[in-house]
Amino acid sequence: MSESALRLVWVYPDLLSTYGDRGNVLVVERRARQRGLDVARIDVRSDQPVPTSGDIYLIGGGEDRPQRLAGERLRADPGLGRAVENGAIVLGVCAGYQIMGHEFVDDRGQRTPGLGLLDVWSTRGEGVRNVGDMLAEPDPRLGLPTLTGFENHQGITHLGQGVSPLARVTVGGGNGTGDGTEGAWRDTVFGTYLHGPILARNPGVADLLIKLALDVSALPPADNTWYDALRAERIAAVQQPVQ
């Protein structure tokens with residue numbers, strides 16, 4: 001492993017990879033290599049310690065019991081928290097997003113502590129489950145185009161004063177609070193309910209993670225032909241009027 005390689009850590013693929021979020025790892029890896037960067041990818045299973053020296057950490061979604069198990073093991077392992085203290089970049093999706101907050105509701109209906117990496121907390125909604133394509137306009141400070149993705153959750157995530165919404169929903173449920181927010185972010189830590197996977201539908205988010213990890217304001221151009229076609233297809237499908 002080269003010391004100059006971009007160190008990409010995929011956290012608990014054995015527990016949190018139910019909804020195709022493995023694609024996020026593949027996209028970051030490819031987007032980095034397209035820019036001539038060496039990538040050292042580390043897949044960390046739930047029986048292994050999380051390394052503290054990674055540059056980008058990705059956490060996927062999962063069902064309620066695997067989410068509880070992942071939360072328990074991450075609370076017992078200081079690696080991810082120490083990595084964030086060292087300036088690492090983290091993206092958590094759905095269950096991973098909830099785990100990064102202060103607490104979430106587990107498969108037994110109990111309030112379970114999270115990692116406290118984001119000032120959010122999650123409860124379980126009583127109404128209709130949020131399922132379907134979502135469109136959202138990201139925080140302008142992130143310099144990203146419209147976000148597209150697929151949500152499948154009944155969680156309601158409340159944002160505290162220590163975070164900003166990742167985006168404002170135009171189609172879909174987002175955080176489920178009714179205030180139109182989707183996801184949350186603070187400094188180098190990001191959470192979202194967007195699957196799809198999110199980075200395949202939104203390569204600009206992958207590039208943002210890489211730029212933050214490298215501490216640069218721009219990256220060399222990369223081929224976006226496939227991504228642009230996918231984005232156009234999914235955005236058009238959501239915007240079509242219901243017959």
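Me: Is Y227 buried or exposed in this model?
Reply: Keep in mind that this is a predicted model. Buried means under 20% relative accessible area. Y227 comes out at 6%, so the call for Y227 is buried.

Me: Which residue lies over the face of Y227?
Reply: A charge sits over a ring if, for Arg, CZ is within 6 Å of the ring centre. Here the distance from the ring centre of Y227 is 4.8 Å. The residue lying over that face is R31.

Me: What kind of pair do the rings of W226 and Y227 make?
Reply: A pair of aromatic rings is described by the distance of the centres and the angle of the planes. For W226 and Y227 the centres are 5.3 Å apart and the planes sit at 85°. Planes over 60 degrees apart count as edge-to-face. So this pair is edge-to-face.

Me: And W226, buried or exposed?
Reply: The cut-off for exposed is over 50% relative accessible area. W226 has 54% relative accessibility, so W226 counts as exposed.

Me: How many residues apart in sequence are the parts that Y97 and Y193 tie together?
Reply: Y97 and Y193 form an edge-to-face pair, 5.2 Å centre to centre with 75° between the planes. Y97 belongs to helix 4 (residues 95–99), while Y193 is in the loop between strand 14 (189–192) and helix 5 (198–201). The pair therefore links parts whose separation in sequence is 96 residues.

Me: Which helix gives the most to the lining of the largest cavity?
Reply: The search of the whole structure turns up two cavities of 30 Å³ or more, and the largest holds about 60 Å³ of space. Its lining includes L91, F190, V205, L208 and L209. With three residues, the top contributor is helix 6 (residues 203–214).

Me: How many charged residues line the second largest cavity?
Reply: That cavity has about 30 Å³ of space, and its lining residues include W10, D21, N24 and G60. Helix 1 (22–34), strand 3 (56–59) and strand 4 (89–93) each give two or more residues. By class there are six nonpolar and two polar residues, and the charged count is one.

Methods. Residues are numbered from 1 along each chain as its sequence is written. This is a predicted model: local features need pLDDT of at least 70, side-chain atom pairs count only at pLDDT 80 or more; totals for chains, interfaces and linings use all residues. Side-chain values use heavy atoms; hydrogens and water are left out. On a 1 Å grid over the protein atoms alone, a cavity is a set of points where a 1.4 Å probe fits but cannot get out, and a pocket is an open set with protein on both sides within 12 Å along at least five of seven lines; lining residues have an atom within 4 Å of a point. Grid points are joined across faces, edges and corners, and a volume is the space filled by probe spheres set on the points. Helices (H or I, at least four residues) and strands (E, at least two) are DSSP runs, numbered from the N terminus. Ala, Val, Leu, Ile, Met, Phe, Trp, Tyr, Cys and Pro count as nonpolar, Asp, Glu, Lys and Arg as charged, and the others, Gly among them, as polar. Rings of Phe, Tyr and Trp (its six-membered ring) pair if their centres lie within 6.5 Å; planes under 30 degrees apart count as stacked, over 60 as edge-to-face and the rest as tilted. Buried means under 20% relative accessible area, exposed over 50%, partly exposed in between (1.4 Å probe, protein chains only). A charge sits over a ring if NZ of Lys or CZ of Arg is within 6 Å of the ring centre and within 35 degrees of the ring normal.
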